[in-house]
Amino acid sequence: MSSVFLVIDDDLVSQFTARYAVEQCSTDTQIYVCESAIEALELLTKLKNENKPIPDYILLDLVMPEMDGWEFIDQLQNYNANINKIKVFIMSAFTNSKDREKAKQHQFIEGYYEKPLSKNMVQNMIK
């Protein structure tokens, strides 16, 4: 079964490691990579307007310029596709207990992982 992943991270190394970890788990996967939350929202709108599959999984960095990960999640809730089917996972380089707690309480967040992402972490996400 084909899956669609969206990686949202402003760090090139993190983008690469996340993409690589996903590719190690499945060859039948489409992976979008966005450098900003704003770019990701534009991509989601474009996919919806073109009637293309929206991501099954979003791997989201919290610390980004312009719009951070929390602001992205707020905007995602206004998105008119079926967002309840999207599984959002936080990827963070910083072990911030406040963010980790907030992520645990948030209805749209499935999990919180520390960077760099590994194949095992992705396997846990798609189980």
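How many bridges join β1 to β2, and do these strands run parallel or antiparallel? In this predicted model, β1 and β2 are held together by six bridges, and the two strands run parallel.

Now for the chain as a whole. Five helices and five strands are found in the chain, and from the N terminus on they follow one another as β-α-β-α-β-α-β-α-β-α. The radius of gyration comes out at 13 Å, close to the 14 Å that the globule rule gives for 127 residues, so the chain is as compact as a globular protein of that length. Along its principal axes, the C-alpha trace spans about 40 × 30 × 25 Å. Buried residues make up 45% of the 127 in the chain. As for contacts, take those with a separation of 6 or more: 68% of them are accounted for by residues 24 or more positions apart.

Next come the aromatic side chains. The count comes to four aromatic pairs. In one of them, F5 and Y57, the ring centres are 4.6 Å apart and the planes meet at 20°; planes under 30 degrees apart count as stacked, so this pair is stacked. The F5–Y57 pair also links distant parts of the chain, with F5 sitting in strand β1 (residues 3-8) and Y57 in strand β3 (residues 57-61), 52 residues apart. Both residues are tucked away from the probe: F5 is buried at a relative accessible area of 2%, and Y57 is buried too, at 9%. F5 and Y57 belong, together with F89 and Y113, to one aromatic cluster.

What does A37 touch, leaving aside residues up to four places away in sequence? The list runs to I8, M64, M67, D68 and F72. A37 itself lies in helix α2, which covers residues 37-49, and is buried, with a relative accessible area of 0%. A37 can be set against Q75 as well: the two are 38 residues apart in sequence, while their C-alpha atoms are 9.4 Å apart in space.

Some backbone details in the loops deserve a look. A cis peptide bond joins K115 and P116, with omega at about 0°; P116 lies in the loop between β5 and α5. N51 is not a glycine, yet has a positive phi of about 60°. N51 is found in the loop between α2 and β3. Is N51 buried or exposed? With a relative accessible area of 73%, N51 is exposed. E66 gives another case of positive phi in a residue other than glycine, with a value near 70°. The loop that holds E66 lies between β3 and α3 (69-76), and E66 counts as exposed at 70% relative accessibility.

How values were computed:
Residues numbered from 1 in each chain as written. Predicted model: local features only at pLDDT ≥ 70, side-chain atom pairs only at ≥ 80, totals over all residues. Heavy atoms only, no water. Phe/Tyr/Trp six-rings, centres within 6.5 Å; stacked < 30°, edge-to-face > 60°. Helix = DSSP H or I, 4+ residues; strand = E, 2+ residues; numbered from the N terminus. Buried < 20%, exposed > 50% of the residue type's maximum accessible area, 1.4 Å probe, protein only. Contact = heavy atoms within 4.5 Å. Pairing = 2+ DSSP bridges. Rg over C-alpha atoms; globule rule 2.2 N^0.38 Å.
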